[in-house]
Amino acid sequence: MHQPQTPEDIVAILTDAAARKATVEIVGGGTRRLFGASTPDAEQLATTALSGIISYDPAELVLTAKAGTPLAELEAALAECGQAFLFEPNTAPGSTIGGVIGAGLSGSRRVSGGAVRDHLLGFEAVSGRAERFKAGGKVVKNVTGYDLSKLMCGAWGRLAVLTEVTLKVLPNPTQSLTLVWTALDDAAAWDLMGEAMRLPADVAAAAHDPQRGVTLLRIEGFGPSVGARAILLKGALARFGVPQEIAAQEGAVLWHPFANAAALGQSPTIWRLSVPRKEGLGIVHALARDGGQWLADWAGGLIHHDTQSDPAMVRATVTAAGGHAMLLRAPDDVRAHVPAQHPLPQGEAALAARIRRAFDPAGLFETGRFLDQPHAD
């Protein structure tokens with residue numbers, strides 16, 4: 001395993017790998033190693049030595065860190081100043097900030113706080129050409145290269161090795177309240193979440209867990225505002241019953257199972273289904289014919305499901321509803337022939353391949369993890 005200490009080390013490693021026609025797998029904290037097909041022939045390049053906060057200006061709401069910095073370290077530094085990443089990173093323990101950006105997976109607050117791509121202001125990286133480059137800026141008002149920053153989010157290490165990232169941060173809400181309805185059937189839970197998101201209540205997150213029989217709404221902000229919005233929600237949603245009010249610390253325990261679909265435990269297969277909210281319940285019912293457990297987040301727009309249904313059927317069902325299905329976790333034999341990412345239409349796939357060729361013309365980062373043919377015209 002390569003363990004570079006500096007961006008210059010990465011340039012040297014990639015230059016040598018290209019000369020030997022080797023492929024390189026970029027590894028952060030290693031928490032997403034079961035995503036995609038296994039890559040035994042690829043050389044690993046670990047970014048964990050590229051760690052540490054470079055600059056943090058709480059007054060300007062901007063933090064710059066090396067890409068291998070553990071997410072937990074950054075969140076602790078932000079918490080000391082009463083700030084946070086508002087996209088609420090949906091990650092496992094040990095994740096690095098570069099891995100968060102590369103995977104592009106946001107948490108329950110995604111429906112109100114935006115995705116990671118909305119918070120990445122700029123970055124520095126080394127491309128598959130073994131060339132250092134940077135995009136974006138270190139102030140919120142600077143939008144130069146902003147689209148390129150978005151391109152890096154969810155790229156899964158196929159374009160470049162991130163070495164430094166700059167993110168927008170925001171004040172952590174001073175108060176958080178979770179409203180909990182119990183024993184609602186799935187249809188009622190979907191109706192409740194939809195109505196709540198349409199109300200002028202600034203709901204921060206909405207989710208439904210049929211295993212625990214709970215439907216959750218989270219409200220955040222200043223005390224008087226939170227109280228007023230809770231009253232509004234309880235009145236407008238009275239037909240669903242009277243919810244229990246849970247304060248921040250206890251409420252965090254209720255929301256934890258939605259991070260990384262933790263409530264699905266050690267299920268060998270987990271799908272992440274991003275769908276139009278109104279279609280979510282129909283998809284759940286379609287997949288439930290083959291059993292399995294599931295969680296609904298983003299007010300029903302994100303479903304984690306451990307169905308054992310045929311992968312082609314899962315993807316066909318989700319595609320027909322206008323969504324996409326990502327295979328987050330599966331046994332080795334399944335990952336070896338089922339693409340982790342939802343297949344793109346032919347035109348979009350060709351465009352994605354051209355973008356990858358621009359950053360990585362020799363296919364240095366094409367390890368076979370995603371079961372596609374990036375260099376086909």
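**Salt bridges, burial and a cavity in a predicted model**

Arg33 and Glu25 form a salt bridge, with their closest N and O atoms 3.2 Å apart. The model is a predicted one.

Me: Why is the contact of Arg33 with Glu25 called a salt bridge?
Reply: The cut-off is a Lys or Arg side-chain nitrogen within 4 Å of a carboxyl oxygen of Asp or Glu. The closest N and O atoms of Arg33 and Glu25 are 3.2 Å apart, so the pair meets the rule.

Me: What makes Glu25 buried or exposed?
Reply: Buried means under 20% relative accessible area. Glu25 has 6% relative accessibility, so Glu25 counts as buried. Arg33 is at 36% and therefore counts as partly exposed, the class that lies between 20% and 50%.

Me: How do you know that Arg132 and Glu8 form a salt bridge, and what does the pair tie together?
Reply: Their closest N and O atoms are 2.7 Å apart, and the limit is 4 Å. Arg132 belongs to strand 7 (residues 132-136) and Glu8 to helix 1 (residues 7-19), so the pair ties together parts that are 124 residues apart in sequence. Arg132, at 43% relative accessibility, counts as partly exposed; Glu8, at 45%, counts as partly exposed too.

Me: What makes Glu366 and Arg158 a link between distant parts of the chain?
Reply: Their side chains meet in a salt bridge of 2.7 Å, N to O. Glu366 is in the segment after helix 12 (346-359), while Arg158 is in the loop between helix 5 (146-152) and strand 8, 208 residues apart. Glu366 has 14% relative accessibility and so counts as buried; Arg158, at 5%, counts as buried as well.

Me: How many salt bridges does the rule give, and which residues form a network?
Reply: The count is 14 salt bridges. A network of them links Glu88, Arg109, Arg218 and Glu220.

Me: What makes the buried residues of helix 2 line one face?
Reply: The buried residues of helix 2 (residues 71-80) are Leu71, Leu74, Ala77 and Leu78. Seen down the helix axis, they fall within an arc of 130°, so they line one face. The face turned away from the buried side carries the exposed residues Ala72, Ala79 and Glu80. The cover over the buried residues includes strand 3 (53-57), strand 4, strand 5 (83-84) and helix 3 (97-103). Just after helix 2, Gly82 has a positive phi of about 70°.

Me: Which residues lie nearest the centre of the largest cavity, and what gives the most to its lining?
Reply: There are 2 cavities of 30 Å³ or more, and the largest has a volume of about 450 Å³. Its lining has 30 residues, of which Ile26, Gly28, Gly98, Gly99 and Gly102 lie nearest the centre. Strand 1 (24-27), helix 3 and strand 8 each supply at least two lining residues. Helix 3 gives the most, with 5 residues.

Technical notes:
Residues are numbered from 1 along each chain as its sequence is written. This is a predicted model: local features need pLDDT of at least 70, side-chain atom pairs count only at pLDDT 80 or more; totals for chains, interfaces and linings use all residues. Side-chain values use heavy atoms; hydrogens and water are left out. Helices (H or I, at least four residues) and strands (E, at least two) are DSSP runs, numbered from the N terminus. Buried means under 20% relative accessible area, exposed over 50%, partly exposed in between (1.4 Å probe, protein chains only). The arc is that of the directions from the helix axis to the C-beta atoms. Contact means heavy atoms within 4.5 Å. On a 1 Å grid over the protein atoms alone, a cavity is a set of points where a 1.4 Å probe fits but cannot get out, and a pocket is an open set with protein on both sides within 12 Å along at least five of seven lines; lining residues have an atom within 4 Å of a point. Grid points are joined across faces, edges and corners, and a volume is the space filled by probe spheres set on the points.
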